[in-house]
Amino acid sequence: MKPFIYLFLVFIAGVLSAQTLQVKDLSCEHKVNPVGIDVRQPRLSWKLNSDTRNTIQDSYEIRVATKQDFSAQSLVWSSGKVKSSESILQIYKGKATESGKRYYWQVRVWDTNNKESAWSETAFWEMGILLPTEWKAKWIAPGMPSDTLKASPASLARKEFTLNKPIASAKVYVTAYGMYELYLNGQRVGQDLLTPGWTSYNSRLQYQVYDVTEQVRQGKNAVGAMIGDGWYRGTIGFDNSWNFYGNQLALLCQLQIRYQDGSQAIVGTDETWKSTQDSPVRSSEIYNGEVYDARMEKKGWDVVGFNDKSWHKVRLVTHTFSNLIGSAGVPVRKIQEIKPTKIFRTPEGILVADMGQNMVGWIKLKVSGSAGTKVVLRHSEILDKKGNFYTANLRQAKQRIEYILKGEGEETFEPHFTFQGFRFVAIEGFPGEIKPENLTGIVIHSDMKPIGTFECSNALVNQLQHNIQWGQKGNFVDVPTDCPQRDERLGWTGDAQVFCRTAGFNMDVAAFFTKWMRDVAADQYSDGGVPFVIPDVLKKVMKGTSAGWGDVALITPYTLYQIYGDKQMLEVQYPSMKAYVEYIHSKAGKSNIWRGGSVFGDWLFYRPGINSHPEPDGYTNNDYIATAFYAYSTHLLKETAHILGKQEDESQYAKLFEQIRETFIKEYVTPAGRIASDSQTAYVLALMFNLLPADLKPMATQHLVDDIKSRRNHLSTGFLGTPYLCHVLSDNGHTEVGYDLLLQESYPSWLYPVKMGATTIWERWDGMKPDSTFQDEGMNSFNHYAYGAIGDWMYRVVAGIEVGKPGYKHILIQPQLPSDDRLTYAKASVNSPYGEIMSGWEQKNGQLKVTITIPANTTATIRLPRSNASDIKENGQALTAANKSAKMDKDTTVIEVGSGQYIFDYPLK
Ligand code: BGC
């Protein structure tokens with residue numbers, strides 16, 4: 001071979017081998033290496049990593065084994081080479097999975113250029129306890145029969161046991177009625193908080209699984225549990241009542257040990273455990289906080305050799321094992337720590353620390369002093385007009401921590417079965433001078449992976465994005481709550497419904513909502529109605545269903561399907577979805593109007609009174625709202641039936657939708673496109689839910705725009721209209737008005753609270769009025785995510801990242817710019833099920849630069865606004881030469897691309 005040909009071949013080989021095709025980010029049931037799942041045929045997902053444009057998976061091969069070496073004997077499934085471009089949520093189809101078993105898996109792929117990846121790194125999942133009969137432990141009640149009627153001390157329960165052979169592995173399965181913390185040989189087990197989490201306990205109680213191989217030893221061991229009231233029997237709901245689910249705490253704990261010789265041992269809760277209520281946690285409650293007397297600590301209670309003579313025997317209690325489920329949700333954990341930004345005295349003389357951020361969790365206190373000294377921490381979201389500590393908006397929630405020192409040098413304290421929503425902490429009784437190092441804010445929430453970012457040239461909008469994300473952190477604490485501070489903190493269905501799409505951009509909420517949606521189904525009334533809150537702890541005082549709230553049964557699963565491509569979510573929820581629509585159907589009957597269906601209306605819509613230009617209020621007729629949501633949920637049910645191949649249902653609900661729509665038009669819409677309930681929300685719902693004849697849409701949109709203009713570019717919408725408002729404008733040719741609203745700084749608007757110093761989203765547009773006085777203290781949370789639903793428009797319209805096919809298998813990149821330079825740049829990213837999507841634009845001197853990343857194994861349609869195809873450069877080259885697909889749609893260039901990174905540059909038209 002001639003030397004130059006040889007060199008050329010070596011060069012080419014080098015180039016080819018430098019090109020990578022890898023498989024990464026393996027996950028199972030939306031989780032990384034989950035332990036204790038009870039989905040018998042789990043679904044497996046992976047992402048492709050490729051440095052070549054247009055990468056599409058041609059085929060894949062999965063192998064699953066019970067040993068990490070994938071030896072032939074340990075193999076339980078090999079998919080063989082499957083020709084498919086699917087790389088998310090592929091169902092395991094091997095041998096039946098077994099309780100407690102760990103399954104290792106790998107995947108390799110081929111792309112359409114026949115390039116082959118190596119086997120991926122090994123991931124695993126581990127099954128939980130699949131059969132009720134496999135629970136060998138017994139339910140024990142640690143308390144005495146009388147400990148039931150009010151906040152009571154946490155119980156301690158313990159047991160010593162001997163393991164007489166060398167240990168290969170140990171796992172513990174544990175849950176409680178109440179909340180528990182588990183300890184083994186003096187060490188806390190796991191990092192999860194507020195376990196076992198909140199579900200509809202009567203039908204679903206989660207257990208947790210921890211690998212404790214490192215925590216047990218041959219010889220003597222001790223296991224201990226602390227059990228507090230939790231959601232189970234602490235005060236929860238509106239009526240300040242206790243014992244919603246039951247009045248007796250109970251614990252179930254099963255430690256499974258595998259010895260090196262292959263034999264097994266089980267140590268479970270049973271009648272030999274001992275217990276005391278003489279614990280340092282004198283009370284610990286979700287709303288009210290904790291009283292902790294460190295002098296009462298039982299030193300060594302969770303290690304071998306503790307003298308528990310004075311402890312009483314536990315009682316066995318009968319509870320079913322059939323409601324036990326593996327933890328489907330996302331555990332609550334300590335996520336971050338923040339330090340006070342200042343410590344000061346208020347005008348009233350109270351010592352207060354400002355954490356600089358409205359946060360959820362608690363304060364870790366460091367203190368030294370004499371035994372018996374009492375330090376009290378009270379928590380508040382906001383200071384009043386005069387700068388004084390303000391707690392009236394907490395209603396009955398005390399949010400108060402009382403720590404009594406034991407007097408043994410520096411003491412560090414964190415509470416156990418409670419959390420607080422606060423920015424300011426009032427400190428009383430602190431011995432000596434308090435310094436920032438004495439106080440650390442521990443931020444807790446469900447440990448969801450952050451997957452989204454948004455940024456633009458307007459600092460206030462960036463703060464808004466920050467506030468939206470912090471609203472999500474503070475209110476995704478095992479269930480999606482309305483607020484984290486007052487005596488509520490409930491899974492309000494309407495709030496969750498309006499915010500779920502935004503939530504899905506910021507963080508991976510697939511597992512979080514998978515768990516919660518099953519509780520929606522579990523707590524759904526027998527007539528198909530959906531309670532106001534899930535888990536439904538209001539049913540004794542406030543039973544009912546409201547339009548826009550109950551619709552969570554359809555809107556949330558459908559939304560999750562769009563963003564995560566999870567069809568099973570729809571399959572599992574389908575009976576609940578259908579039951580809800582049938583419930584409305586039974587109420588509306590032949591009239592097709594759902595009279596009385598809206599209890600909350602367009603909750604917290606604009607009402608005049610506090611600004612100097614009082615405009616009319618934003619009221620929307622309740623039956624109108626109910627009927628619009630009836631139509632929308634029927635439409636979503638029809639769509640879902642289509643996706644699931646349920647043809648009969650599809651045609652039945654398509655018909656029903658048309659009937660509702662026809663009646664709706666007759667009842668509420670004039671031939672001039674004016675809507676009887678002439679409010680912004682009325683137009684928004686009609687346009688968003690496609691309830692108007694095509695020819696009336698422009699007129700209806702114009703009425704909406706006129707209304708916004710007549711209010712000097714202000715909105716008047718509440719919980720139901722707000723999430724869709726800007727979408728309706730940008731979908732109907734008025735993006736500019738959307739920007740007017742987004743960038744509006746005066747009340748009512750999204751940026752008004754930002755200008756007032758908000759660090760989270762407020763419940764009300766005017767939580768704090770321009771003169772720094774407050775709205776009604778009876779309902780004025782400063783951490784309520786609902787209005788944060790504008791985040792969805794920022795990602796989807798400002799940055800332009802939109803779902804083309806479920807799960808972003810096909811992506812639409814379609815940023816819509818303001819007509820001027822009110823924003824000079826915007827960029828967003830989302831780590832989708834297929835990988836990182838990025839879209840950013842920047843305008844400078846009449847030129848636009850658009851930077852886009854499309855992940856491997858997806859395709860995208862890119863719409864470049866205000867362009868001329870022939871003027872566009874892509875990575876410096878003329879676009880029309882590089883991409884033959886380019887087409888013009890009015891002043892927008894539309895191109896089809898595959899995966900890769902793209903930079904487009906062009907003069908703005
Ligand atoms: C909650 C809401 C909820 C509303 C329904 C309030 O108390 O905080 O966010 O959706 O009640 O009326």
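Which residues in α15 are buried? Let's keep that in mind while we walk through the structure.

1. **What you are looking at.** This is a predicted model, in which local features need pLDDT of at least 70, side-chain atom pairs count only at pLDDT 80 or more, and totals for chains, interfaces and linings use all residues. Residues are numbered from 1 along each chain as its sequence is written, and side-chain values use heavy atoms, with hydrogens and water left out.

2. **The whole chain.** You will find 16 helices and 48 strands here; these are DSSP runs numbered from the N terminus, with helices (H or I) of at least four residues and strands (E) of at least two. The chain has a radius of gyration of 29 Å, which agrees with the value near 29 Å for a compact globule of 909 residues. That radius is taken over C-alpha atoms, and the globule rule is 2.2 Å times the number of residues to the power 0.38. Of the 909 residues, 61% count as buried, meaning under 20% relative accessible area with a 1.4 Å probe and protein chains only.

3. **Helix α15.** Here is the reply to the opening question: Gly791, Asp792, Trp793, Met794, Tyr795, Arg796, Val797 and Val798 are buried. Because eight of the eight residues of α15 (residues 791-798) are buried, the helix is largely enclosed by the rest of the structure. After α15 comes Gly800, with a positive phi near 85°.

4. Gln465 sits in α3 (residues 459-475) and is buried, at a relative accessible area of 3%. Leaving aside residues up to four places away in sequence, Gln465 touches Phe454, Asn506, Met794 and Tyr795; a contact means heavy atoms within 4.5 Å. Two of those names, Met794 and Tyr795, belong to α15.

5. **The largest cavity.** The whole structure holds three cavities of 30 Å³ or more, and the largest has about 90 Å³ of space. Of the 13 residues lining the largest cavity, Trp750, Pro753, Ile761, Trp762 and Tyr787 are the closest to its centre. A cavity is a set of points, on a 1 Å grid over the protein atoms alone, where a 1.4 Å probe fits but cannot get out, and lining residues have an atom within 4 Å of a point. Grid points are joined across faces, edges and corners, and a volume is the space filled by probe spheres set on the points. Both α3 and α14 (751-755) supply at least two residues each to this lining.

Key
Buried < 20%, exposed > 50% of the residue type's maximum accessible area, 1.4 Å probe, protein only. 1 Å grid on protein atoms, 1.4 Å probe; cavity = no way out; pocket = protein on both sides within 12 Å on 5 of 7 lines; lining within 4 Å.
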